[in-house]
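Here is a friendly walk through some helix packing. Have the model open as you read.

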Amino acid sequence: MAGFVACLLGSFFLLPVVIFGGGNADQAAAGQLNTGAVPALYLPWVLKAGAMCDAIPAPLIAAQIEQESGWNPNAKSPAGAQGISQFMPGTWPTWGRDDDGNGKADPFDAGDAIMAQGRYDCSHADLMAGYLKQGLVHGPLIDLVLASYNAGAGAVLSAGGVPDNGETPNYVKVINALIAKYTKALEDSGAVPAGQRLAAPLREKALITSPYGGKRPSSAYGYHTGIDFGVGLGTPVHAAGPGTVTFAGWNSAYGNRIVIRHPQQDGKSVESTYNHLFSLSVSKGDTVGVGQVIAATGNTGNSTGPHLHFEVLYGGQFTDPGPWIGLN
Ligand SMILES: [Zn+2]
């Protein structure tokens, strides 16, 4: 379920106004972690490692640890891999640091290991994003990163994707399946949940494949005006709040798109937008209630795979939707 998809929205929609800083991107990446599924002892490290780069969110770090060691900081594999993140002794010195401050960089120190894992994954994400752009490898970015961890980046490059070596495809598959367990469920209710300004537009666990803000796996796309949720084609999309549909139709970049104007909050206008949709269930001028199904997700417009690009405009300016829908 964790295929890397991203709409290419960004530079096309650079705003005529000053945008807020991108500092919330890290929180958005970490805020989607199902913290209850992570052993409490390792939670701070998983959050920290999951905030290092946009491409590697905390649920991915956690799922990978479960597959590597089952959360056992003393794990040793027959091949010689060590610790909770299963570093090989030859690889460790490049990535391991004394992150837990106990005076030694040790693959058997869970904190050191998890941070090194984050560093290694983020480095592979940069490398693979570059290879993807050059057409040297194919497949979802997350799969390529995981395959690099398991088989080495060189093997991924020579295979042009996840190498079919009898082990790595299954490694990638198992971790992709585990990501759901470590992803926070979005609030499922017919109202805007207490403490939130809007309700989540999806009712199923959905990995954020690209958070709001300026940092992207590939900077070529510029500023990202919303959050991308990686979900399958045809997933129901729910209105994030009550309001009036002000746009429902085609846009060459956004694909099939819906814009809803909600009641003002703190004297400022509030709009939410839903993009790259497969089908629309509402029309311009319709009044919608919070949670009402308005569309199904798609891959239309400037999009590289099925996902929902969800935006919030506050006072007419794009803002990070994460805090609005309870993600951070
Ligand atoms: Zn997007």
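A crossing is called left-handed if the near helix is turned anticlockwise from the far one by less than a right angle, and right-handed if clockwise. Helices here are DSSP runs (H or I, at least four residues), as strands are (E, at least two), numbered from the N terminus. This is a predicted model, where local features need pLDDT of at least 70, side-chain atom pairs count only at pLDDT 80 or more, and totals for chains, interfaces and linings use all residues. Residues are numbered from 1 along each chain as its sequence is written, and side-chain values use heavy atoms, with hydrogens and water left out.

By that rule, α3 and α6 cross in a right-handed way. Contact (heavy atoms within 4.5 Å) between them involves these residues:

| Helix | Contact residues |
|---|---|
| α3 | Leu-60, Gln-64, Glu-68 |
| α6 | Ile-142, Leu-146, Tyr-149 |

Helix α6 is mostly covered, with nine of its eleven residues buried (under 20% relative accessible area, exposed being over 50% and partly exposed in between, with a 1.4 Å probe and protein chains only). Its cover includes α3, α5 (110-134), α7 (153-159), α8 and β1.

Now to α8. Among its buried residues are Tyr-171, Val-172 and Ile-175. Seen down the axis of α8, the buried residues fall within an arc of 160° (taken from the directions from the helix axis to the C-beta atoms), so they line one face of the helix. These residues pack against α3, α6 and β1 (207-210). Lys-173 and Ala-177 are exposed, on the face of α8 turned away from its buried side.
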